[in-house]
Amino acid sequence: MAIRNIREIGDKVLTKVSREVKEVDSKTSILIDDMIDTLYDAEGVGLAAPQVGVLKRIVVIDVSEDANDPIILINPEILEFDGSQVGNEGCLSVPGKVGTVERPNYVKVKAYDRDMKEFILEGRELLARALCHEIDHLNGILYVEKAKDGIRDVYELEEDEE
Ligand code: ZN
């Protein structure tokens, strides 16, 4: 297991569409473990494979409070969505910045686990937001393209909240 280098905005790999995963071979398995390590090291909520420079449709998400419950999603696909939420969003590939993004408040996602077993995941609020954000990465889309009033420095946000 290893921590991988997180690609940042401006890197072309972040604008490309990732390829479907056909099987989880040992190389893919190592990638998944490394993505989880990298997510926790960076204290993020989610990470998509293109963020570590690999154009495969793999996402890891952990919205639990003590960050010990990673969800691995291979070839995730949004089946249904409902409602809306407007809130601040950040990205490990856009360090130090936040933007206001509207997302569905509920999504139902189909994906495969690391044994390539299909499962359904329903997410609300933060999990719904994370699922949409990470699946966007697999399609080469960064949240900054969806941010209503552009992106701001994180410290400006902290000042607003005081
Ligand atoms: Zn991101």
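**Close-up views of the zinc site, sheets and helices**

View 1. His-137 has 1% relative accessibility, so it counts as buried (buried is under 20% relative accessible area, exposed over 50%, partly exposed in between, with a 1.4 Å probe and protein chains only). This is a predicted model: local features need pLDDT of at least 70, side-chain atom pairs count only at pLDDT 80 or more, and totals for chains, interfaces and linings use all residues. Residues are numbered from 1 along each chain as its sequence is written, and side-chain values use heavy atoms, with hydrogens and water left out. The zinc ion has Cys-91 (SG), His-133 (NE2) and His-137 (NE2) as protein donors, 2.0 to 2.2 Å away. Donors are N, O and S atoms within 2.8 Å of the metal (3.2 Å for Na, K and Ca); water is not among the atoms, so sites may look incomplete. The donor spacing in sequence is C-x41-H-x3-H. His-133 is also buried, at 4% relative accessibility. His-133 and His-137 are four residues apart in helix H2, so about one helical turn separates them. Helices (H or I, at least four residues) and strands (E, at least two) are DSSP runs, numbered from the N terminus.

View 2. E4 pairs with strand E5 (residues 94-103) in the antiparallel sense, over six bridges; two strands pair if DSSP finds at least two bridges between them. Opposite Val-86 stands Glu-102 in E5.

**View 3. Strand E6 and its partners.** Five of the seven residues of strand E6 (residues 106-112) are buried. Strand E3 (residues 71-82) pairs with E6 in the antiparallel sense over six bridges. E6 also pairs with strand E7 (residues 118-124), antiparallel, over seven bridges. Tyr-112 of E6 stands opposite Ile-74. In E7, Glu-118 is the bridge partner of Tyr-112. The hairpin of E6 and E7 has five residues between the strands, and Met-116 there takes a positive phi near 60°.

**View 4. Helix H1.** Helix H1 (residues 26-41) has 16 residues. Its first and last C-alpha atoms are 22 Å apart, close to the 22 Å expected at 1.5 Å a residue; the expected span is 1.5 Å times one less than the number of residues. Buried residues of H1 include Leu-31, Ile-32, Met-35, Ile-36 and Leu-39. Strand E1 (46-48), strand E2 (58-61) and E3 are among the elements covering the buried residues of H1. Glu-43 follows H1, with a positive phi near 55°.

**View 5. Ser-29 on helix H1.** Ser-29 lies in helix H1 and is partly exposed, at 22% relative accessible area. Leaving aside neighbours within four places in sequence, Ser-29 is in contact with Val-24 and Arg-114 (contact means heavy atoms within 4.5 Å). The side chains of Ser-29 and Arg-114 make a polar contact (2.8 Å). A polar contact is a pair of N or O atoms within 3.5 Å; within protein, one must be able to donate a hydrogen and the other to accept it, and residues adjacent in sequence count only if both atoms are side-chain atoms. Ser-29 and Asp-115 are 86 residues apart in sequence, and 9.8 Å apart in space, C-alpha to C-alpha.
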